[in-house]
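Student: Hi, could you walk me through a structure? I'd like to talk about its rings and its backbone.

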Amino acid sequence: MTRVLLSLGSNLHPVDNLGYALDSLLLQFNDLALSPVFESEALGNTGSPAYLNMVAAVDTELPLAGLITMLKDLEARFGRQRETDNEQGVPLDIDILTFGNVTGRSCGISLPRPELTQAAYVLWPVAVLAPKDRHPVLKQSYVQLWEAFDKSSQRIRPVDFVWHERQISKAALQ
């Protein structure tokens, strides 16, 4: 089994889309570890609605290529159309942040994903979900990376989020 960290985000019906995406992931992987949900401004496009973002950890026997295909199919079922996303919003974006300890370019993606250390909406959820886990290249824990992150560079805040009557957001930060 390979431990995988996934980043989930949406700014088009985000509460519904994240909830349905979690349902789909749960059916596929049987168990999910979830970060709180955060709201962040759309980077580079000030006219776009705010995003809801979170991170999920799953264990899988799928090879990396199979996981990529499964996640892209899931995004497509939610109406993801990359060529028009910026204009209409993003119904669902799922990115593989880490795939075990794989590093470098594989199956068309870079691992670990660069946003892991560059984007608050990725790093803060990972630091809450897996604080002691270490970045496969930098060898620092995610909580250490979050503590060193320039938090003034991006606006992000935890928001209430309930999934299947389970509070998975603000309560986790208190």
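This is a predicted model: local features need pLDDT of at least 70, side-chain atom pairs count only at pLDDT 80 or more; totals for chains, interfaces and linings use all residues.

Student: How many aromatic pairs does the structure hold?

Tutor: There are 3 aromatic pairs. In one of them, the ring centres of Phe38 and Trp124 are 4.5 Å apart with the planes at 40°, so that pair is tilted.

Student: Which parts of the chain does that pair link?

Tutor: Distant ones: Phe38 is in strand β3 and Trp124 in helix α5, 86 residues apart. Both Phe38 and Trp124 are buried.

Student: And how are Trp146 and Phe149 arranged?

Tutor: They make a stacked pair, 5.4 Å from centre to centre with 20° between the planes. Trp146 has 10% relative accessibility, so it counts as buried, and Phe149 is buried too, at 13%. Ring pairs join Phe38, Trp124, Trp146 and Phe149 into a cluster.

Student: What sits over the ring of Trp146?

Tutor: That's the charged end of Lys151, 4.6 Å from the ring centre.

Student: OK, backbone now. Which peptide bond is cis, with omega near -10°?

Tutor: The one from Leu111 to Pro112. Pro112 lies in the loop between β7 and α4.

Student: What about phi of Lys139?

Tutor: Phi there is near 65°, a positive value in a residue other than glycine. Lys139 is in the loop between α5 and α6.

Student: Is Lys139 buried or exposed?

Tutor: Exposed, because its relative accessibility is 54% and the cut-off is over 50%. Glu165 also has a positive phi, about 60°, and it is exposed at 82%. Look for Glu165 in the loop between β9 and β10.

How values were computed: Residues are numbered from 1 along each chain as its sequence is written. Side-chain values use heavy atoms; hydrogens and water are left out. Rings of Phe, Tyr and Trp (its six-membered ring) pair if their centres lie within 6.5 Å; planes under 30 degrees apart count as stacked, over 60 as edge-to-face and the rest as tilted. Helices (H or I, at least four residues) and strands (E, at least two) are DSSP runs, numbered from the N terminus. Buried means under 20% relative accessible area, exposed over 50%, partly exposed in between (1.4 Å probe, protein chains only). A charge sits over a ring if NZ of Lys or CZ of Arg is within 6 Å of the ring centre and within 35 degrees of the ring normal.
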